[in-house]
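I opened my notebook to look through a protein chain piece by piece. Here is what I wrote down as I went.

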Amino acid sequence: MTRSVYVAGIGRGDGRQVVELGMMELLSRQVDRVGIFRPLAHADADARDPVFDLLRARYRLSQPRAGVLGMTYEQASALQAEEGTDALVARLVGRFHEIAADYEAVLIFGSDFADTNIPAELALNARLANECGAAVLPVVGGAEQSAESVVAEVRNAHDAYTSLGCDVLAMIANRVGPDAAPRARAVAAGIGAHLPVPVYVIPEDAGLAAPTVAQIRDALGAGLLAGDAGGLARDVRDFVFGGAMLPAFLPALSEGCMVITPGDRADLVVGALAAHSAGSPAIAGVLLTLDERPGPDIMALAERLAPGTPLLTVAEGSFPTAAALVGLRGELNAATPRKADIALGLFESHVDSAQLTGRLAGAASGRVTPMMFEHMLIERAQADRRHVVLPEGTEERVLLAAEVLVRRGVCDLTLLGEEQTIRKRAAELGLSLPLLSADAPAARPDGPATARITDPRVSPLRESFAELYAQYRSHRGVSVELAYDVLGNVNYFGTLMVQQGLADAMVSGAAHSTAATVRPAFEVIKADKKQSGTAIVSSVFFMCLADRVLVYGDCAVNPDPNAEQLADIAIQSAATAAQFGVEPRVAMLSYSTGTSGSGSGVDKVRRATELVRARRPDLEVEGPIQYDAAVDATVAAAKMPDSRVAGQATVLVFPDLNTGNNTYKAVQRTAGAIAVGPVLQGLNKPVNDLSRGALVQDIINTVAITAVQAQGAAAPAKGGRP
């Protein structure tokens with residue numbers, strides 16, 4: 001039977017989209033196909049459903065928007081009035097079963113209590129949940145309430161839903177004021193001892209509540225005079241109305257504020273942008289009223305002072321503009337992925353995901369799908385948090401990824417680069433990323449994840465690292481003076497941090513070549529002979545296809561491995577696959593299958609297969625075998641009917657770099673696969689390379705993989721002050 005969770009409320013303003021996102025995360029970790037059902041929605045839902053659009057983009061759902069909705073509130077109200085509640089429920093439950101037939105789990109969105117014209121709305125939600133066989137997760141809004149009031153509402157909501165026969169999964173109080181949250185959590189723990197379900201308290205978060213510049217533009221119908229997509233994505237945390245003279249105006253500016261001023265006040269516009277350029281403080285943007293627009297000289301100066309910072313214009317004056325902005329809150333949608341990460345971080349920080357997952361009925365899917373693989377990476381990294389150094393600390397994509405990694409507690413980070421530049425860039429991007437200086441206290445394993453900044457050029461570690469590097473490279477004639485110059489390079493500095501135990505791992509390559517990233521590791525960290533008996537370093541790509549994850553090796557490091565090296569690559573790749581939840585069934589690829597071909601290339605693969613079987617008799621391995629016979633059950637049945645690997649291989653080992661690199665890129669581009677890697681294997685400590693075209697999510701995935709690799713290494717990093 002399809003598992004279902006019904007996220008319900010008791011009134012407006014509970015911000016349950018955070019909970020809907022969190023539950024989607026939990027369900028998609030367990031099963032491959034998760035559907036969404038919104039029984040009731042407003043009339044514009046066919047054209048605009050921001051939460052569904054967010055989930056569809058984030059979780060790569062194939063479900064169309066039209067396949068989500070039961071009916072509109074207007075249709076439901078008319079049907080209920082004409083034929084009664086039973087007819088309404090029957091229609092909606094029938095629609096649910098149509099959707100559920102295609103999915104292993106369904107997340108159901110309860111009604112929103114906002115001008116719905118539906119009588120006894122809570123009771124209708126409870127009945128729909130019961131008829132759909134769904135567990136109910138009630139959400140209580142706690143904004144502007146005392147801790148005792150919030151907890152009383154939690155108890156009342158629990159009693160209301162259980163009295164209507166619902167199977168309550170847990171209770172969540174959401175948007176609780178930061179001052180009230182600790183007390184509410186303590187009181188909730190007390191009533192949790194008397195309720196049969198857990199109670200969770202999620203505090204309000206300013207980053208979620210803040211609207212973006214783009215949202216303000218759309219709400220006001222404002223024109224855009226200047227600014228880019230990054231500027232429009234900034235959070236607006238305050239409004240500062242400009243009317244005073246510049247000396248009195250500048251002290252009123254605050255971090256992330258939007259300046260609202262008549263368009264003819266060029267002094268305030270230039271002053272605000274100059275303050276932003278100096279980083280004191282970084283503003284979100286400027287909104288000009290009365291349809292007054294600065295002249296070309298002022299606009300040119302504005303572009304030079306704060307490139308990318310939005311300048312909006314409206315025809316109305318300041319008072320009607322302010323009235324239109326009252327109550328405008330941030331919105332979770334596909335255009336605000338950072339807010340989704342903040343929301344998910346909130347949910348994961350304040351809800352016991354393991355406990356809640358354990359209460360969900362049914363077993364998890366046995367397959368490892370791409371989405372499950374990504375979830376597993378994050379979950380594994382969170383379980384034993386490690387410290388990863390990112391040498392490219394000034395790179396925009398790295399900073400965006402760092403915010404997600406820290407928010408979700410994936411790992412502690414050290415960002416390398418000039419401190420003022422990193423802080424200014426983070427402010428310009430509007431990131432909610434607390435950045436610590438190099439001399440800040442070390443992160444606590446049981447505390448929140450942290451990100452600190454270290455500038456290799458001025459770090460006190462540079463001299464000691466130079467002495468160490470000179471020792472490592474003395475056979476190459478490297479002096480301490482030369483080594484000191486080398487240690488100004490962020491990749492060398494980061495590698496020495498890993499080698500000396502000040503970080504567990506390193507990820508670089510978003511702005512550096514592969515050679516620049518991995519050469520320091522080859523020189524300093526070196527290969528781990530215990531892994532395979534030889535000093536070979538190789539790589540794999542995790543190829544996330546539509547319905548499975550395959551491991552390709554080696555596609556990035558060794559141009560033409562001999563039989564012994566190929567066997568080592570196979571054993572390393574199988575170990576990496578197993579470490580990340582992919583059951584290793586190894587295919588040693590060649591241009592012929594079994595005994596059908598001969599020649600030096602086939603003989604090399606045949607010899608490598610024999611070596612793997614001798615060294616690791618526990619591994620399922622087949623070779624030589626062609627790619628189609630390795631992955632296609634029909635071809636395997638014809639070519640190797642008795643093989644336990646053919647047709648179901650998960651680890652594919654290519655005979656040389658030319659074949660492997662071209663194949664992974666061909667599959668990536670033509671099959672729409674997500675290629676995560678290259679992931680280096682065989683080093684004493686993990687260092688991984690990024691593609692220079694890596695997206696933010698690619699960086700997140702690679703850092704998570706690297707953190708998990710570090711868990712299998714020695715003791716955690718010392719957490720010193722680099």
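My entries below go from confidence to strands, helices and rings.

**Entry 1**

I found a mean pLDDT of 88 for the chain, with 94% of its residues at 70 or more. Which elements have the lowest and the highest mean pLDDT? I found helix H24 (residues 529-532) lowest at 51, and strand E22 (residues 651-653) highest at 97. I also marked residues 362-366, where pLDDT stays under 50. For that stretch the model has 8 contacts beyond four places in sequence. A reminder to myself: where pLDDT is low, the predicted coordinates should not be read in detail.

**Entry 2: around helix H9**

I looked up which residues of helix H9 (residues 213-220) are buried, and listed Val213, Ala214, Gln215, Ile216 and Leu220. What do these buried residues pack against? I noted helices H10 (229-232) and H14 (318-325), along with strands E9 (238-241), E10 (257-262), E11 (285-289) and E12 (311-313). Just after H9 comes Gly221, and there I read a positive phi of about 65 degrees.

Next I followed E10. I counted 6 of its 6 residues as buried, so E10 is largely enclosed by the rest of the structure. E10 pairs with E9 in the parallel sense over 4 bridges, and I saw Asp238 opposite Cys257 of E10. E10 also pairs with E11, again in the parallel sense, over 5 bridges. Here Met258 has Gly285 in E11 as its bridge partner.

**Entry 3: a sheet of 6 strands**

I then traced an open sheet of 6 strands with mixed pairing, in the order E21-E20-E22-E19-E18-E23. Which strands stand at the edges? They are E21 (620-625) and E23 (674-681); each has a single partner strand, so one side of each lacks a neighbour in the sheet. I noted an average twist of 20 degrees from one strand to the next.

I looked at E18 (residues 538-544) beside E23 and found antiparallel pairing over 6 bridges. In this pairing, Ser538 stands opposite Gln681 in E23. Helix H30 (residues 696-711) packs on the sheet and touches E18 and E23. I read about 35 degrees between the direction of H30 and that of E23.

**Entry 4: rings that meet**

My next search was for aromatic pairs, and the structure holds 7. I wrote down Phe541 and Tyr664 as a stacked pair, because their ring centres are 3.9 Å apart and their planes lie at 20 degrees. Phe541 sits in E18 and Tyr664 in helix H29 (residues 657-670), so this pair ties together parts 123 residues apart in sequence. Are these two buried or exposed? Phe541 counts as buried at 3% relative accessibility, and Tyr664 counts as buried at 10%.

I then turned to Tyr552 and Phe654. With centres 5.2 Å apart and planes at 75 degrees, the pair is edge-to-face. Tyr552 lies in strand E19 (residues 549-553) and Phe654 in the loop between E22 and H29, 102 residues apart. Tyr552 is buried at 0% relative accessibility, and Phe654 is buried at 3%. I also found that ring pairs link Tyr552, Tyr627 and Phe654 into a cluster.

Terms used: Residues numbered from 1 in each chain as written. Predicted model: local features only at pLDDT ≥ 70, side-chain atom pairs only at ≥ 80, totals over all residues. Heavy atoms only, no water. Buried < 20%, exposed > 50% of the residue type's maximum accessible area, 1.4 Å probe, protein only. Helix = DSSP H or I, 4+ residues; strand = E, 2+ residues; numbered from the N terminus. Contact = heavy atoms within 4.5 Å. Pairing = 2+ DSSP bridges. Axes fitted to C-alpha atoms, helices over the stretch in contact; angles between N-to-C directions. pLDDT = per-residue confidence, 0-100. Phe/Tyr/Trp six-rings, centres within 6.5 Å; stacked < 30°, edge-to-face > 60°.
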